[in-house]
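Visitor: I'd like to learn how to read a model like this one. Could you walk me through it, feature by feature?

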Amino acid sequence: MTENLNTEIETYNSKLPELLKSIGKYVVIKDETVGGVFDTYNDALKYAYKEYGLNQFFIKKISPAEQVSYFTRDFNTCQA
Amino acid sequence: MPSLNISLSSGQPLIQVFVAVSLPRQQAMIAAGIEIPPPKAGTFLIDTGASCTCVDQSLMEGLGIAPTGVINIQTPSTEGGSHACNTYDVMFFIPDNQNTGYVIEALPVVETHLKTQGIDGLIGRDILDKCLLVYNGTASFLTLSY
């Protein structure tokens, strides 16, 4: 799986100033469009599949700074 | 609160889980007339040192899921830095002995390579945050309540 989400990531970064009023919520982005902001990951995912079907979309938890997930175990990842 | 009591396997907190297409994606696949791939079984390590849950690529391949997110991760080999990884939405099922168990309808997971370490994934704190975990090392078992 090497699908590219760069367009959606760029959209997220460009829209971040206005999204910051919803910190901690989940945003759904398709290409250069913000589909909506939702309280939970589940709600965001349900909306995205209903709206975009099996086409590509992007879900991101809104945060003022990029969050890092930490792992004490080492492993190889499938990088984006 | 339902509980699972699991013996430690070779001193490790290993647990059998099933990974499947997330419920919202299943509904979209049904609407599109596409067959839903069967769940994949795997042996996962309960890892309190993992921020989030990871699934080996071999299990993910069989599900045919496209990425729906990206997170930055830091491991010992990233030497203090981090890099971006795709995340995939899956359904996660931890069975008990009564043909029921703990179901998470949609969970974002990181695709990794863990097979060489003898496991198919890590159960991270994103799942453990919703559970009570008791690790009884002297009696060599763990209890996971959900």
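**Reading the two chains**

Guide: Read along the sequence, chain A has the pattern α-β-β-α-β-β-β. That comes to two helices and five strands. Do keep in mind that this is a predicted model.

Visitor: What is the pattern of chain B along the sequence?

Guide: Chain B runs β-β-α-β-β-α-β-β-β-β-α-β-β, with three helices and ten strands.

Visitor: What box do the C-alpha atoms of each chain fill?

Guide: Taken along the principal axes, the box for chain A is roughly 35 × 30 × 25 Å, and the one for chain B is roughly 50 × 45 × 25 Å.

Visitor: How should I read burial and contacts?

Guide: Take burial as a share of each chain. In chain A, 29% of the 80 residues count as buried; in chain B, 38% of the 146 residues do. For contacts, look at those between residues at least 6 apart in sequence. In chain A, 45% of these join residues at least 24 apart, while in chain B the share is 65%.

Visitor: Which residues of helix 1 of chain A are buried, and what do they pack against?

Guide: A:Glu8, A:Thr11 and A:Leu19 are buried. The buried residues of this helix pack against strand 1 (26-30) and strand 3 (58-61) of chain A.

Visitor: And the interface?

Guide: One general idea to start: interface size is often given as the accessible area lost when the parts come together. Here we can count residues instead: 41 from chain B and 30 from chain A take part in the contact. On the chain B side, strand 7 gives the most, with seven residues. That side divides into 20 nonpolar, 16 polar and five charged residues.

Visitor: Which strands pair across the two chains?

Guide: Strand 5 (residues 76-77) of chain A and strand 7 of chain B run antiparallel, joined by two bridges. To find the place, look for A:Asn76, which stands opposite B:His113 in strand 7 of chain B.

Definitions and conventions
Residues numbered from 1 in each chain as written. Chains lettered and ligands numbered in written order. Predicted model: local features only at pLDDT ≥ 70, side-chain atom pairs only at ≥ 80, totals over all residues. Helix = DSSP H or I, 4+ residues; strand = E, 2+ residues; numbered from the N terminus. Buried ≥ 20, exposed ≤ 12 C-beta atoms within 10 Å, placed from the backbone. Contact = placed C-beta atoms within 7 Å. Nonpolar A, V, L, I, M, F, W, Y, C, P; charged D, E, K, R; others polar. Pairing = 2+ DSSP bridges.
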